[in-house]
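Reader: Could you go through this structure with me, one topic at a time? I'd like the cut-offs spelled out as we go.

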Amino acid sequence: MRLSSPLLSTVRGALASVERRSRSWWRRLSPARQDRLATLGPLLSVLLFLAAIISAFWYLRNEEFEREQESVQRDTEVAQQQIRLRLIENQEQLLRLARDVSARSIDTDEFLSQASRFTRERPEISQLAWVGADRTPRASYSTGSFHPETGMGPMLPGAWPTPSIPRVGRAEPADLAFLQVRERRLPVYTRPFTDAQGRSVFQVQVPLIDRSGFVGVLAADYSVDNLLRFYVPAEVTVRHAVALVDQSGEVLASTVSIMPGDSPRRASIVHDVPVAPAANGLMLRGEGYRTSIGLISNTLFWMVAALSVLTVWMLLGTWRHVRRRVQMQSALVNETNFRRAMENSMLTGMRAMDLEGRITYVNPAFCAMTGFNESDLIGRLPPFPHWPPDRYEENTRLFEQELQGRSPAGGIEVRVMRKDASLFDARMYVSPLVDARGQQTGWMTSMTNITEAKRIRDQLSASHERFTTVLEGLDAAVSVLSVQQGELLFANRSFRLWFGADPAGHAWLAGGDPRNGGAPDDRDDSVDTLGGLPTEALTDGGADPREVFVEPLDKWFDVRSRYLQWTDGRLVQMLIATDITQRRAAELLAAQQADRAQVTSRLMTMGEMASSVAHELNQPLTAITNYCNGMISRVRGDQIAKEDLVAALEKTARQAQRAGQVIHRIRAFVKRSEPKRELSQAREIVDDAVELAGIELKRRNVEIRVYVAQRLPPVMVDPILIEQVLLNLLKNAAEAIDNARLPPARRAIELRVVPRHTPEEGGVIEFSVTDNGPGLQDEVIARLYEAFFSTKSEGLGIGLSLCRSIIESHAGRIRAQNLYNGGAVSGCRFTFTLPVEITRTEAKAATTP
């Protein structure tokens, strides 16, 4: 084998470069190193020469191998292209046949006829079947055998199982392909499998689709052996072996036949490409073999190697001696440096003792801890200088345990005295000291200063104890529950008193029902199970306050919950529950008293208006009496006609209706009823209030002017309560005017209802009652809404206080102000508002079913 000229030039240039660099490096070495390396020169030269020869042979062999590899790759891709074109052509023919079957333009006999022609022209297809949507074979043609009874070839055993037969284990490839075709509505190729005749085949299934949808498949079985035999070019099979393998690498068919009893020769060049468009794991494999002899079989190589080995053997004696000496010196220097660096850098004190307990070694860290020098410690027997005098007995007992090998594995905690008599806490670990022969020669003790660690541990322990004491002393129940495991991690005394150590108590307080696994009682799609949510998003959230009723305890709790990250990283929920049963009872009692106060106020208002009401009722009753007496007199004298009698009765009925309306309004106003907010029109509330107040205003000879803006939105209020506020304000205004004895021209009240918008309240509906009375003094305005404060001699002082409570319960505001004409008071105005934005929100919620 001859080397090419470019290769020789490259090798010569490399050798020259190496020689130049070697000479430069040799000059920089010391004489001692030059002497040691002089013996290595011939050895290095031989090795370099051998390496150059091996590289040349290796280069030529690799070049030949690459050419063979490119040839295998090219032939394999040619065969792949031939098979790919054949599969695509067959698939198109199957699609056309599927369209004819789907359109029902051919029957079973015509299908078998076309299948026969189709398979005769395509030797690679061993069977063609028509299968319905329920996996029932409709027709099948096989090139292997023929059934005279049916005119069809046999189906593949197990390829289309009856749906009622249960399947065990993994599904067959045909079953999986059928499901994919039905789902995708596209042709699907199965993985290779073995048919009833033991042949390796794979199947392509083409969907049958009509207007109603999926109606079945056309299934064609490809013979792997025939596909390889008929569609791999002959010139390719002459040069290389071509095989079809499955996805596990098992050979299904090959162009090379192996005689029985012979083991297949392993190819040195293998190139795999997928069989397209099947994409079913079937691979086309091209195989090639080296034609040249190997590097090891070359005679020239062996001659060069023998000469090189002989030269190496002659130089081995000198080189081995130098190498051993250098290794020993290097190991000794490294060991010395390592031990010195380890001793100087360690913060843990090390002390070695012999079997009698005599100190034989201490490192610098031990001396730095105790303040003693090596001379003060080495060779000493107990008691040692670093033992505190008041602990001789305890240290002697521990020392005897050390010598007996009974020291605990976790170490022992001791007090150590420094040379300046100061003390510190230390932890000591003892282990046997074993020599190179495996025999124990003493004991090795390591000592660590734990003074600061112990101080921190004691502080943490005290802090934990104080924190636990505070939590145990709380009247509120505190509990911590793991979100994932549902484990109760902490519960204070109040929690244990109410619920014991049962996690169900935490579920009750969290608003869930332990009987439902702690899930909330009102199941809702909006309830989040926390799945997929990051921990930071939960722990960064604030507390969630709510009031919960625990049925087993018959108690109300104010519960505040928060998600935390526990000490071990788990996500936990912490609850702080305060018993508010008494507060709830007090609030309920206060609400009931407020309701009674409202009813009482209305009764008092009607009591104060009793004389006016009586006067209002007296007029229609008097008219009824007069009409009745007149009709009786005229009927007795037979002086009335039928038309006059009917007219008189109609007038009597109208007066009776007038009296009934007055009584109905009074009854509706003073009737005790539950507070009920509903959508109400401001005009209707004003009309009802003015109708009731008109009785009192007429008695006091006070005129009322009413203005209600148009297109006001409906308000979500309790109309009776708002009517009570208006009636109280109108009655107070009439009393102020009457008590001031104003002239008729000034005896008037103005009631206005208009929309307003203020920066503080936003959009509101404003009700204002204005009178021309003497106004209010400043000290009276300051105490106007106090309970039981009144400027009237017979007043109870609950009217305006109740009005304020009613308006504020509707999220509104009420205020009073004097009106001035120049510097003199010319009247007083009471104004209250109902917010429009809140009203609309509540109205939407009320109208939502």
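Reader: Which residues are linked in a network of salt bridges?
Author: In this predicted model, the network of salt bridges links E413, R415, D425, R427, K454 and R457. A salt bridge here is a side-chain nitrogen of Lys or Arg within 4 Å of a carboxyl oxygen of Asp or Glu.

Reader: What should I know about numbering and confidence before we go on?
Author: Residues are numbered from 1 along each chain as its sequence is written, and side-chain values use heavy atoms, with hydrogens and water left out. Because the model is predicted, local features need pLDDT of at least 70 and side-chain atom pairs count only at pLDDT 80 or more, while totals for chains, interfaces and linings use all residues.

Reader: How many salt bridges does a search of the whole structure find?
Author: The search of the whole structure finds 35 salt bridges. One of them joins R815 and E766, with the closest N and O atoms 3.7 Å apart. R815 lies in strand 28 (residues 813–821) and E766 in strand 27 (residues 762–771), so this pair ties together parts that are 49 residues apart in sequence. Strands are DSSP runs of E with at least two residues, helices are runs of H or I with at least four, and both are numbered from the N terminus.

Reader: And is E766 buried or exposed?
Author: E766 counts as buried, at 12% relative accessibility, whereas R815 counts as partly exposed at 38%. Buried means under 20% relative accessible area, exposed means over 50%, and partly exposed lies in between, with a 1.4 Å probe and protein chains only.

Reader: What is the N to O distance between R570 and D568?
Author: The side chains of R570 and D568 meet in a salt bridge at 2.7 Å, N to O. R570 counts as partly exposed at 22% relative accessibility, and D568 is partly exposed too, with a relative accessible area of 45%.

Reader: Which residue does D558 pair with?
Author: D558 forms a salt bridge with R560, and the closest N and O atoms are 3.6 Å apart. Of these two, D558 counts as buried at 16% relative accessibility, while R560 counts as partly exposed at 43%.

Reader: What lines the largest cavity?
Author: Its lining has 13 residues, and W387, N395, E402, V414 and M428 lie nearest the centre. Helix 11 (392–403) and strand 13 (412–417) each supply at least two residues of that lining. By class, the lining divides into eight nonpolar, two polar and three charged residues. In that scheme Ala, Val, Leu, Ile, Met, Phe, Trp, Tyr, Cys and Pro count as nonpolar, Asp, Glu, Lys and Arg as charged, and the others, Gly among them, as polar.

Reader: On the backbone, where is the peptide bond cis?
Author: The bond from A276 to P277 is cis, with omega near 5 degrees, and P277 sits in the loop between strand 9 (269–274) and strand 10 (283–288). The bond from P382 to P383 is cis as well, with omega near 0 degrees, and P383 is placed in the loop between helix 10 (374–377) and helix 11.

Reader: Which residues other than glycine have a positive phi?
Author: Among them are R135, with a phi of about 65 degrees, and R185, with a phi near 60 degrees. R135 lies in the loop between strand 1 (125–132) and strand 2 (137–142), while R185 lies in the loop between helix 5 (173–184) and strand 3 (188–189). For context, most residues other than glycine have a negative phi, and most peptide bonds are trans.

Note on methods: 1 Å grid on protein atoms, 1.4 Å probe; cavity = no way out; pocket = protein on both sides within 12 Å on 5 of 7 lines; lining within 4 Å.
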